[in-house]
Amino acid sequence: MIYQSQQLVRGTVEAAILSLKEQLNQPGHHLKQVMDAMAGSGSGSEAESDLAEAAFIYRGVSLSTGEQVLPQFNNSFQSLVKSILTSVETRFSSFCDNEVIVSAEVFDPANFPKEDDLAGYGVKEIGVLLKHFKNILEAQGCDITAVARE
């Protein structure tokens, strides 16, 4: 059960990281709506333009607008997403980079290859797990060399 939750976390973390990286290149649907509305708020007469530069109401929230605001907003957004991305990658790096956790995926039936590819499946991963858990396995009477031969 712990292994399944680790694999679920790993997949979720990887999906979140990809999503955040995509946000850096292209804003999401909701942010794009706000940015488009802000960019379009300055059109119209000069009086409307002066009024639009003061504030823009989006879903009941007053937002500053104007030529300088959108680039500043975009820079702040990019900085925030990069900060979140760094934090997620740092906090959950062990689920993606830890050799033992990644090797444990050899036991997930969803990862099993077709019958004709079974010969060498998991040899490297089992070796990593044997090395990591060697002391515990030997203390429990496991013959490490027999496992390696299997």
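This is a tutorial dialogue on reading a predicted model of one protein chain.

User: What should I know about how the values were made before reading them?
Analyst: The model is predicted, so local features need pLDDT of at least 70 and side-chain atom pairs count only at pLDDT 80 or more, while totals for chains, interfaces and linings use all residues. Residues are numbered from 1 along each chain as its sequence is written, and side-chain values use heavy atoms, with hydrogens and water left out.

User: What is the mean pLDDT of the protein chain, and where is confidence lowest and highest?
Analyst: pLDDT is the predictor's confidence in each residue, from 0 to 100. Here the chain has a mean of 78, and 83% of its residues reach 70 or more. Confidence is lowest in helix H3 (residues 46-54), at a mean of 42, and highest in helix H8 (residues 134-139), at 92.

User: Over which residues does pLDDT stay under 50?
Analyst: One stretch is residues 1-5, for which the model has 5 contacts beyond four places in sequence. Another is residues 42-53, with 7 such contacts. A contact means heavy atoms within 4.5 Å.

User: How many helices and strands are there, and in what order do the elements run?
Analyst: Helices (H or I, at least four residues) and strands (E, at least two) are DSSP runs, numbered from the N terminus. This chain has 9 helices and 2 strands. Read from the N terminus, the order is α-α-α-β-β-α-α-α-α-α-α.

User: What span should helix H4 have, and what does the model show?
Analyst: The expected span of a helix is 1.5 Å times one less than its number of residues. Helix H4 (residues 69-91) has 23 residues, so it should span 33 Å; its end C-alpha atoms are 33 Å apart, which agrees.

User: How much of the chain is buried, and which residues of H4 are?
Analyst: Buried means under 20% relative accessible area, exposed over 50%, and partly exposed in between (1.4 Å probe, protein chains only). Of the 150 residues of the chain, 23% count as buried. In H4 the buried residues are Phe 77, Gln 78, Val 81, Leu 85 and Val 88.

User: Which residues of H7 are buried, and what covers them?
Analyst: Val 128, Leu 129 and Leu 130 are the buried residues of H7. Their cover includes helix H6 (99-103), H8 and H9.

User: How many salt bridges does the structure hold, and which residues form one?
Analyst: Side chains of opposite charge can pair when their charged atoms come close. The cut-off for a salt bridge is a side-chain nitrogen of Lys or Arg within 4 Å of a carboxyl oxygen of Asp or Glu. The structure holds 1 salt bridge. Lys 21 forms it with Glu 89, the closest N and O atoms being 3.9 Å apart. The pair links distant parts of the chain, with Lys 21 in helix H1 (residues 2-25) and Glu 89 in helix H4, 68 residues apart.

User: Are Lys 21 and Glu 89 buried or partly exposed, and what does Lys 21 contact?
Analyst: Lys 21 is partly exposed because its relative accessible area is 39%. Glu 89, at 31% relative accessibility, also counts as partly exposed. Leaving aside neighbours within four places in sequence, Lys 21 is in contact with Leu 85 and Glu 89. Lys 21 and Leu 85 are 64 residues apart in sequence and 7.6 Å apart in space, C-alpha to C-alpha.

User: What does Val 34 contact, and is Val 34 buried or exposed?
Analyst: Val 34 lies in helix H2 (residues 29-40). Val 34 counts as buried because its relative accessible area is 14%. Beyond neighbours within four places in sequence, Val 34 is in contact with Tyr 58 and Leu 63. Leu 63 lies in strand E2 (residues 61-63) and is partly exposed, at 24%. The C-alpha atoms of Leu 63 and Val 34, 29 residues apart along the chain, are separated by 9.8 Å.

User: What share of the contacts joins residues 24 or more positions apart?
Analyst: Such pairs account for 56% of the contacts in the chain with a separation of 6 or more.

User: What is the volume of the largest pocket, and which residues are closest to its centre?
Analyst: Rolling a probe the size of a water molecule over the atoms shows where empty space is left. On a 1 Å grid over the protein atoms alone, a pocket is an open set of points where a 1.4 Å probe fits, with protein on both sides within 12 Å along at least five of seven lines; lining residues have an atom within 4 Å of a point. The largest pocket has a volume of about 240 Å³. Of its 13 lining residues, the closest to the centre are Tyr 121, Gly 122, Val 123, Ile 126 and Glu 150. Helix H7 (123-132) and helix H9 (144-149) are the elements that give two or more residues to the lining. H7 gives the most, with 3 residues.

Methods. Grid points are joined across faces, edges and corners, and a volume is the space filled by probe spheres set on the points.
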